[in-house]
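Dear colleague,

I am passing the structure below on to you, and my notes on it follow directly after. Please read them alongside the coordinates.

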Amino acid sequence: MKQLNHAIKLLTSLVMLVSLLALSACGKEQQAAAPEESKVEKQTISWKLAQTWGTGFPIFGDAVIKMADMVNEMSGGELEIRIDSANKHKAALGILDMVKAGQYEMGHSASYYWKGKDPNTMFFSTMPFGMIAPEQYAWFYYGGGMELMQKVYDEHGVYSFPGGNTGNQMGGWFRKEINTLDDLDGLKMRVPGFAGEILSRLGVVVTNIAPGELYTALDRGTIDALEWVGPSLDLNMGFQKIAPYYYTGWHEPATELQFMVNKAAFDALPAHLQEILTIAMQYAAYDMYARSYHESAVNWASIEEEYPDVKIRTFSPEIIAAMKSINQDLLAESAASNPTFKEILDSQNAYMKIARKWTELSDYAYLKDNLE
Ligand code: CA
């Protein structure tokens, strides 16, 4: 009897749904049939996007192309986005300024590259010892992250959106093995974001270098070590040939790239193009996360045969403990003098607390008993 009641309820709901769909389809037909609609000439809006990445840069650059293609297709050619790579605009780390100034309507980069301008931007890429990608996406879209990101970027005249996640990043390539804290003292390393601040306190000479110049900098000894991404992108760059020690990650557990849109340009778009653009950016971001996971898995599967000299290491408990302690100190220092920094930090910490409990009960519990 209970089952029958349930079936009737389900059937009634279905009938209602079908009726609603029929009504809305009807409305659409009427709209489409309106004569004035069909006579309106659709004009093409042409935008330019500046990306941090060079021409043909895999995965990151592909996410941008995917977004632009989707916008063009979904808008029926009403909005087209031309992409300029770093080879063209020559300002790999100047994207925020160019989009803010309206020189470009859009940009693709990473939020933590702007920490020198505004430390509050760092939180929207990834934070050392912070959330992993599923936790961070949940925070962005359902835990208040998008609102906080926009609060920060309102001051810079742009809208900011997630731009694709690399997943957990590797700790970097080192010419020499790092065994103790002394080994870090005086080491010259390319590392962006808050991790750079932490390592700096441990005596590391920290720089950020645009992706196109990384290999040369490491090869010529301008730097002794660098971190870039992970197997998805690192092996193509050739770092393993000159710095064989490859450390597991601690510093970028979920690096999210960034789409930026000039505010005035976005606000001037008709509502349907704003929606198309927003959806295309979100799709391209999720898609890049899946792609990154795939590329890392595939590249890593053959590492031992292809690059037998690569030596996997994990930083010692002593080094990790020192990094964690400095991380806490630095966060507290910035939070004390910067209310927005504190607001974002508190939000991330509170969210991670609840999200991590679920991660522990779900993925972690499953993995710890099922690793082969
Ligand atoms: Ca990185």
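The lining of the largest cavity takes at least three residues from each of domain 1 (43-165 + 254-293) and domain 2 (169-251 + 308-337), where the domain bounds come from an automatic or database domain assignment. This is a predicted model, in which local features need pLDDT of at least 70 and side-chain atom pairs count only at pLDDT 80 or more, while totals for chains, interfaces and linings use all residues. Residues are numbered from 1 along each chain as its sequence is written, and side-chain values use heavy atoms, with hydrogens and water left out.

A cavity here is a set of points, on a 1 Å grid over the protein atoms alone, where a 1.4 Å probe fits but cannot get out, whereas a pocket is an open set with protein on both sides within 12 Å along at least five of seven lines; lining residues have an atom within 4 Å of a point. Grid points are joined across faces, edges and corners, and a volume is the space filled by probe spheres set on the points.

On these terms the structure holds two cavities of 30 Å³ or more. The largest cavity has a volume of about 60 Å³, and of the 14 residues that line it, Phe60, Tyr112, Tyr113, Gln169 and Trp228 are the closest to its centre. Its lining divides into eight nonpolar, three polar and three charged residues, with Ala, Val, Leu, Ile, Met, Phe, Trp, Tyr, Cys and Pro counted as nonpolar, Asp, Glu, Lys and Arg as charged, and the others, Gly among them, as polar. The second largest cavity holds about 40 Å³ of space; the residues lining it include Phe174, Trp250, His251 and Met323, and by class that lining has eight nonpolar, two polar and no charged residues.

The calcium ion is coordinated, at 2.2 to 3.2 Å, by Gln169 (OE1), Glu227 (OE), Glu227 (OE), Trp228 (O), Glu252 (OE) and Glu252 (OE). Donors are N, O and S atoms within 2.8 Å of the metal (3.2 Å for Na, K and Ca), and water is not among the atoms, so sites may look incomplete. The six donor atoms subtend angles of 43 to 166°, which makes the arrangement irregular; six donors count as octahedral if opposite donors are over 155 degrees apart and all others between 65 and 115, four count as square planar on those limits or as tetrahedral if all angles lie between 85 and 135 degrees, and anything else is irregular. Along the chain the donors follow the spacing Q-x57-E-W-x23-E. Both Glu227 and Trp228 are buried, a word that means under 20% relative accessible area, with exposed being over 50% and partly exposed in between (1.4 Å probe, protein chains only).

The largest pocket contains about 1,000 Å³ of space, and 28 residues line it, of which Ile132, Asn168, Pro253, Tyr293 and Leu367 lie nearest its centre. Helix H15 (339-368) is among the helices that each supply at least two lining residues, and H15 gives the largest share, six residues; helices (H or I, at least four residues) and strands (E, at least two) are DSSP runs, numbered from the N terminus. By class, this lining has 14 nonpolar, ten polar and four charged residues.

Kind regards
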